[in-house]
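Please find below a short note for a colleague examining the model shown here.

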Amino acid sequence: MDIKWDKILITGDPLILGSQIAIVLTMVGIVVGLTYFKKWKYLWSEWLTSVDHKRIGIMYIIMGVLMFFRGGVDGLMMKAQTAVPENTFLDAQHYNEVFTTHGVIMILFMAMPMLIGIINIAMPLQIGARDVAFPQLNLLSFWLTFAGAMLFNLSFVVGGSPDAGWTSYFPLAGKEFTPGIGNNFYMVALQIAGIGTLMSGINFIVTIMKMRAPGMKLMRMPMFSWTTLITSLIIVIAFPIFTVALLLGTMDRIFGTHFFTVADGGLDMLWANLFWLWGHPEVYIVILPAFGIYSEVVATFSKKRLYGYTSMVMAIVVISALSMLVWVHHFYTMGVGPAVNSVFSITTMAIAVPTGIKMFNWLFTMRKGRIEFTAPMMWTLAFIPTFLIGGVTGVMLGMAAADFQYHNTLFLVAHFHYTLIPGVVYAVFAALYYWWPKVFGFKLNERIGKWHFWLFNIGFNLTFFPMFFLGLQGAARRMYTYSEESGLWPLYALSAVGAIFLAAGFAALCYNIYWSIRYEKRTTENDPWGTARTLEWATATPVPHYNFAVVPEVTDVDAYWEMKKNKDNFALDPNKIKPIHMPSNSGLPVYMGAAFLIAGFFLVFEWIPLAAISAFLIFAGMIKRSFEYDDGYYVPVEEIIEKERTWRGDSKWKAK
Amino acid sequence: MESKMINHSVPTEYQSEQGKLNILGFWIFIAAEIILFATLFAVYGVLHTRTSDGPTGEEIFVIKDVVIQTMLLLTSSFTAGLVIHEMRRGNVRGLITWLIITLALGGGFLYMEINEFIHYVHAGAGIQTSAFTSSLLTLLGTHGAHVTLGIFWAIMVIIQLLQRGITPITASKVHIWGIYWHFLDVVWIFIFTFVYVGGLI
Ligand code: HEM
Ligand SMILES: [Cu+2]
């Protein structure tokens, strides 16, 4: 085992040196701050070890926001580099690293944690459960995702970033062509995070199948929970394929096997197939919960029941099935032949049908509704036309013959940003504004929200719309620069200006969070929007840790709307309250995250003996868990009564 | 977390609410494992003819040993069934005895598999030799790693049975371990059929 220190610490690049210093300073700042304010214990016992699904959700979202920042800075760097021709801000290698980390971080460490965080917060409440099926496993999922993200981000300052694109195609990503350790980070970090995601998927499925409130049949379940169920199903089906792909990639890179190599019978196209067998379903994993969020928001703020509930459910089921049958559309040009291409063209275009059904259902929900233009609704309204552009250009790319013209150009980059940003990012924003008051007891400010909305929307369209035309004019994707004679400059410059607006939009969101925490009016109203329809709004704001004092009976879709219609005044009979059983906190998931991080780190650096030894840290944690017999604890009736009395008010309190 | 109700009309492992959730969760995990192994089989299917300069399957497979391995694992699946049978009868000693016998058979299987790997390496079929050997050894190795994990897992469960006897919790642990063990057996049958028998035809 030879340790090459010069390969580990990257020196000499001012950008990286700056970040190294910034990281160290931030860490010192956090440690000093926590110690000074004596918050260590609070942080540990109330957050890091908390198995409360709402807190875990919040931690996921904080992580998602941080990663959005990191990925966004990557995006801005690329925009700055291409703002003028022949720019030397980033060299070719650096640009490769930046688009790779941008893509990976945005999809796996921004979009996924954000959505899983929102699911964690909203789904158990929507189905009237007190927690997820496996609370401690839920926390483990978080820590594994977090460990993966940290390991991946570490690559920026130690060892070197991966540089083979977020698709990490072999043989480029193999040892023959990228001998450094950068691409090891990709293989190992995503493996760790992926295990966490798979566990989340299993957890959510069991929660939804087994823990719905009495009377909530599947076809009475809120649409967001439905999309969670289907997304989790896709996770369970697709992630094991990625697990294997990453395993084989790791073996090729670290143990010299020949799965995807050029020499000795390896087959590079095998990676492309495995990657996209996971990769395409993955984009539906992130889009379906987003569809669910829009469905909730559109119904709430149109004050109407979601139009075509059954067809919405059918649509997501069909989308999930088709999502597994289209992967070849990512490499029409890599020689699979016209017959195969045609089949996959058809399956790809077929996805437009169920997606179109959903679009029309949202429109019909709004028809004749009394629409209220709140922040979540604004994002939903902006989503519809922009996502439509993403969808239509997707159908264009789906036609294999046409795809030969614009594959691998910025047309494609514009297309997928038009699906991912309105599809996922807008939905995340809508969800943040929508559920924020439920979780924290105050809304995000609507006025600053408007700034956020307009800056981001203008910025987004200004950045990415020109890219369609750049692509049609032949600008290839992943190119770090272009010549002046190419005549591409004006559109590139326009796009770069747009990125400034995007950044300003993100800043407005951060400012909004800060402002609202300090100044926004507090509320204990259980339904702060006034027009909510689903069960999460039927309990106290902020939600008590046991969620529901008495689990409500459900008789229809839109359970809470029904309660309001029936003038069910939330009168609660104290005699009905029983002690509530809750799971205890656990430090073990934190430990496991650390153990995976350490073992993963050694594996990345190919220090096999150390990696093997630290694998025992993981086994030790598993053994500890096997012998744990913690039955949780009971919330006493007095505590529940006390809490419920405060928010319901004495008038709604049936004293018997 | 509706937990503690104990329902005595069903087998012990289904009596606690958490036990039921665990069993369903584990079945879904097994579904994920099926996809994992299916992917490895697909990889092997694509690569098994790509032997480069290395040996082919016919040249290195020792079918007699593989048949013994298969017998060991099949028998262990049968004894794992007896484990559940004894558990339903509430017989801790029988349960543990059969569990240990199952583990002994599993250990025998592993011993043979390690010898098999050593034989391959001597025959010039190491993991770095060709796409064929890489995919073969990774498929077998993943299965073998699962068996190893299953053995250590069962040891943990045995200790807990000794400490606590058959309770709804320990029973659901035995049950879940049983699902896992049978699943590994099924995977092996596929390996036997497609890799070894298929490789010789
Ligand atoms: C926030 C503003 C964003 C900006 C300014 C931005 C900008 C860019 C740019 C310039 C590229 C590379 C184009 C090239 O090939 O040269 C790119 C690639 C990419 N972006 Fe973004 N992006 C943003 C947000 C997102 C989001 C939210 C996601 C996903 C959820 C995303 C996912 C990707 C992916 C997957 C790639 C491809 C990376 C690769 O080629 O391997 N981006 N982006
Ligand atoms: Cu696709």
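With the side chain of which residue does the side chain of Ser200(A) make a polar contact?

1. The partner is Ser141(A), at 3.3 Å from side chain to side chain; a polar contact is a pair of N or O atoms within 3.5 Å, where within protein one must be able to donate a hydrogen and the other to accept it, and residues adjacent in sequence count only if both atoms are side-chain atoms.

2. This is a predicted model, in which local features need pLDDT of at least 70 and side-chain atom pairs count only at pLDDT 80 or more, while totals for chains, interfaces and linings use all residues. Residues are numbered from 1 along each chain as its sequence is written, chains are lettered from A and ligands numbered from 1 in the order in which they are written, and side-chain values use heavy atoms, with hydrogens and water left out.

3. Ser200(A) belongs to helix H7 (residues 182-210) of chain A; helices are DSSP runs of H or I with at least four residues, and strands are runs of E with at least two, numbered from the N terminus. Ser200(A) counts as buried because its relative accessibility is 1% (buried: under 20% relative accessible area; exposed: over 50%; partly exposed: in between; 1.4 Å probe, protein chains only). Apart from neighbours within four places in sequence, Ser200(A) is in contact (heavy atoms within 4.5 Å) with Tyr60(A), Ile116(A) and Ser141(A).

4. Around ligand 1 there are 21 residues, the closest being Tyr95(A), His102(A), Trp166(A), His417(A) and Arg478(A); a residue is included if one of its heavy atoms lies within 4 Å. A polar side-chain atom of His102(A) lies 2.8 Å from a nitrogen atom of ligand 1, and a polar side-chain atom of His417(A) also lies 2.8 Å from a nitrogen atom of this ligand. For Trp166(A), a backbone N or O atom lies 2.8 Å from an oxygen atom of ligand 1.

5. Helices H4 (53-81), H5 (92-126) and H15 (410-440) of chain A each supply at least two residues of the shell around ligand 1. The largest share, seven residues, comes from H5(A).

6. His280(A) lies in helix H9 (residues 268-302) and His329(A) in the loop between helix H10 (309-323) and helix H11 (338-350) of chain A, so the pair ties together parts 49 residues apart in sequence. At 7% relative accessibility, His280(A) is buried; His329(A), at 16%, is buried as well.
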